[in-house]
Amino acid sequence: MDPTIPDATFKSVLGRFCTGVTVITALADGQPVGFSCQSFSSLSLDPPAVAFFPARTSTSWPRIRAAGQFCVNILAHDQAEICRALGRTGTDKFAGVGWVPSGNGAPRLSGALASIDCELDREIDGGDHTVVIARVTALTEHSEQPPLLFYRAGFERLHGH
């Protein structure tokens with residue numbers, strides 16, 4: 001990082017950008033694998049594509065990459081604990097987490113607002129993160145609940161919900 005921009009300042013300023021929260025999931029050797037991801041975006045309508053940005057230190061992303069196909073789960077306002085569980089390392093992240101196979105077989109989390117089945121298209125160097133571009137192969141809305149939001153290092157809800 002540019003030494004003239006302190007890490008704390010960077011995090012504080014960028015933390016003012018509110019994001020939704022997703023969980024990226026796949027089946028690796030028949031077992032569910034996944035990680036919480038707030039750095040997610042739609043990318044293209046033609047062809048349909050999304051992008052997300054796993055940390056280079058992620059131990060889950062290499063396993064998902066190897067699977068080649070995965071599911072992006074958009075979390076509902078009441079799924080903060082699922083986000084925390086899938087954000088941990090060194091534990092059984094899926095203990096107590098309900099899921100069913102999505103169309104491509106990856107875990108679709110119970111209670112998610114929507115799911116997006118994807119195939120890995122390519123990766124680009126993004127410094128201490130990787131830029132993942134994925135082709136969308138199917139998508140489904142599951143709920144009209146409000147979304148789980150992340151703002152200034154904490155979870156928030158839309159006002160009025």
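**Cysteines, then the whole chain**

Let me start at Cys 83, which is buried, with a relative accessible area of 10%. Buried here means under 20% relative accessible area, exposed means over 50%, and partly exposed is in between, with a 1.4 Å probe and protein chains only.

Before going further, the ground rules. This is a predicted model, where local features need pLDDT of at least 70, side-chain atom pairs count only at pLDDT 80 or more, and totals for chains, interfaces and linings use all residues. Residues are numbered from 1 along each chain as its sequence is written, and side-chain values use heavy atoms, with hydrogens and water left out.

Back to the cysteines. How many disulfides does a search of the whole structure find? The count is zero, taking a disulfide as a pair of cysteine sulfur atoms within 2.5 Å. For Cys 83, the closest cysteine sulfur belongs to Cys 37 and lies 9.7 Å away, which is too far for a bond. For Cys 118, the closest is the sulfur of Cys 71, at 7.5 Å, again too far for a bond. Cys 118 is buried too, with a relative accessible area of 0%.

Leaving aside residues up to four places away in sequence, Thr 137 touches Asp 117, Cys 118 and Glu 119, where contact means heavy atoms within 4.5 Å. Thr 137 sits in strand S10, residues 129-141. Is Thr 137 buried or partly exposed? Thr 137 is partly exposed, at 44% relative accessible area. Between Thr 137 and Ala 49 there are 8.9 Å in space, C-alpha to C-alpha, although the two are 88 residues apart in sequence.

Now the whole protein. It has three helices and 12 strands; these are DSSP runs, H or I of at least four residues for helices and E of at least two for strands, numbered from the N terminus. The radius of gyration is 16 Å, close to the 15 Å from the globule rule for 161 residues, so the protein is as compact as a globular protein of that length. That radius is taken over C-alpha atoms, and the rule is 2.2 Å times the number of residues to the power 0.38.

Along the principal axes, the C-alpha atoms fill a box of roughly 45 × 40 × 40 Å. Of the 161 residues, 36% count as buried. Taking contacts between residues at least 6 apart in sequence, 64% join residues at least 24 apart.

That is the end of my part.
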